[in-house]
Amino acid sequence: MSAADPIDMRSHVADSAAGPGDRSWRRLVPHRPAEYVLPVAIFVAAVLAWEAVVRLRGIPPYILPTPSLIFATLIKDWPILSGSLLVTLRTTLLALGLAVVGSVGLAILFVQSKWIERSFFPFAVVLQVTPVVSIAPLLLIYLEPGTAVLVCAFLVAFFPILSNTALGLASADHNLIELMELYRASRWQQLVRLRLPSALPYFLGGLRIGGGLALIGAIVAEIAAGSAGQGSGLAFRIVEAGFRLNIPRMFAALALISLTGILIYVVLTVLNHFLLHRWHDSARKRGA
Amino acid sequence: MDDALDLSPATRSTSGRDLLVSLRDVSKTFDNGTTALSRLTLDVAEGEFLSLIGPSGCGKSTALRILAGLTEASSGSLAWSVERPEIGFVFQEPTLMPWASVLDNVWLPLRLRHVSRRSAADRIEEALAMVGLWKFASSYPRELSGGMKMRVSIARALVLKPRLLLMDEPFAALDEITRFRLNNDLVRLKAELGTTVVFVTHSVYESVYLSTRIAVMAARPGRVVDAIDVPAPPIRTEEFRATQLYIDTCRRASQALHGAMAEDESL
């Protein structure tokens, strides 16, 4: 019959015109200028309104600083803040990395046997449902402050990645599992060729949640550590500046924390898109 | 084992061909107590195209899965004329790996046997060319239509040159035009490769068009109630659908099927 298959050919061409592979970057960014002009305009308007209200009402900077003052503080205090930013970023990324290794490893163990899953899952749940703020003081007694912060960030990032990955590993197409059995694939082959790729979209979903939570965990633990934090991360700067009533610096550190969170989210979203856009519906352009 | 049981019509071997596999008194009861098959006796001859047809719940898929080794019979015997023959399986859904290209999907059976992509290249190309999809080797499954996905699935099943090809209602989810086209492809592939095919279907017309022999099954409990030979040349074209033989065989198969369903009180 060759590939001269008018109906099938046409549907393929229509699909590929939507562009698998090519110009994939553009799908992340809105196509028409109007789509991002409006959000940017509203953001700028909000910041300007803030500036205007503070100035017109003469609100003192130790109550509410203007955005311009916060920005100036950010520049002025950059030597201090940038060091803290690096500490927070390092803690967050290290915690996230450890959480990925630990949770994926445990999820793979879970999928090997229901008994292992039943035995260990309760521990994971206990760690998840116990608020990290309440564990942090204990950890600060047992561990060095830096390590305690790292462990807190690790604990909160761990669970979402674990539960998502375990779900993904268990949701492999059962027909494909049977096909693997038919071809007498080993357990290892089944894991590498089928279960891990099937779990990838789930894992990346967990990673996006875990990435945000690792930052929150790190910040919460630093706040709990308070002055014991020995001049390290951004949250410590907030606590410290609060004691000194240096409100503009508090806002500047806060802005950096937000930016860090946004950065983590964007990086993981881009990663998600690049790994999945050719095959998974979640990364597919809508209407394509 | 017990020759007296060979009275069952389904055990007739077609045109004196060698036996490839025979199921004797095979029963299958699931853990929940449902009996899918009761004393099924079925011979598959080398080189034949055998269709299993019957109402839902007659155990035709279960019989196929027992042949594939995907499930064990509760009792009875399964005897092969050759040690561990190569088996290909095509599911009702294309069952492709969405993260892998068409080429990598067809590579899978070879890859699981540690054949590198380079040394598998010729066989992959051959299998894809057989189904007319070599041009789409680097496409991903979601970029293909339903019919094309099914052809990839068939190419994957054929890449190991299986002695026996098992197909579980492979075209049931396709539109009729695509279905007819794939039926013709299958007839041609079968003739080219000489593979033995066991094909499960709901459609009388499809089974008559494709098969050299049809086993009609009844449900509750699942068993073979009739076997119908289709004494037409193995290469079939659309004209075959207009022949008296085709029409008569369809009528005969329909009657057998209705007979099988009449016994089933649950319908």
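Strand β1 (residues 19-29) of chain B pairs with β2(B) in the antiparallel sense, over seven bridges. Pairing requires at least two DSSP bridges between two strands. Strands (E, at least two residues) and helices (H or I, at least four) are DSSP runs, numbered from the N terminus. Within this pair, B:T29 stands opposite B:T35 of β2(B). The model is predicted; local features need pLDDT of at least 70 and side-chain atom pairs pLDDT 80 or more, whereas totals for chains, interfaces and linings use all residues. Residues are numbered from 1 along each chain as its sequence is written, and chains are lettered from A and ligands numbered from 1 in the order in which they are written.

Three strands of chain B form an open antiparallel sheet, ordered β2-β1-β4. β2 (35-45) and β4 (75-80) of chain B each have a single partner strand, so one side of each lacks a neighbour in the sheet. The twist averages 10° from one strand to the next. Angles run from 0 to 180 degrees between N-to-C directions, with axes fitted to C-alpha atoms, for helices over the stretch in contact. Helix α1 (residues 60-68) of chain B packs on the sheet and touches β1, β2 and β4 of chain B. Contact means C-beta atoms, placed from the backbone, within 7 Å. The direction of α1(B) makes about 60° with that of β2(B).

Chain A has 12 helices and zero strands. Of its 288 residues, 34% are buried (20 or more other C-beta atoms within 10 Å of the residue's own, C-beta atoms being placed from the backbone). Helices α5 (residues 78-112) and α8 (residues 145-170) of chain A pack at about 35°, with axes 7 Å apart.

Definitions and conventions. Two residues are in contact if their C-beta atoms, placed from the backbone, lie within 7 Å. A residue is buried if 20 or more other C-beta atoms lie within 10 Å of its own, exposed if 12 or fewer, and partly exposed in between; C-beta atoms are placed from the backbone.
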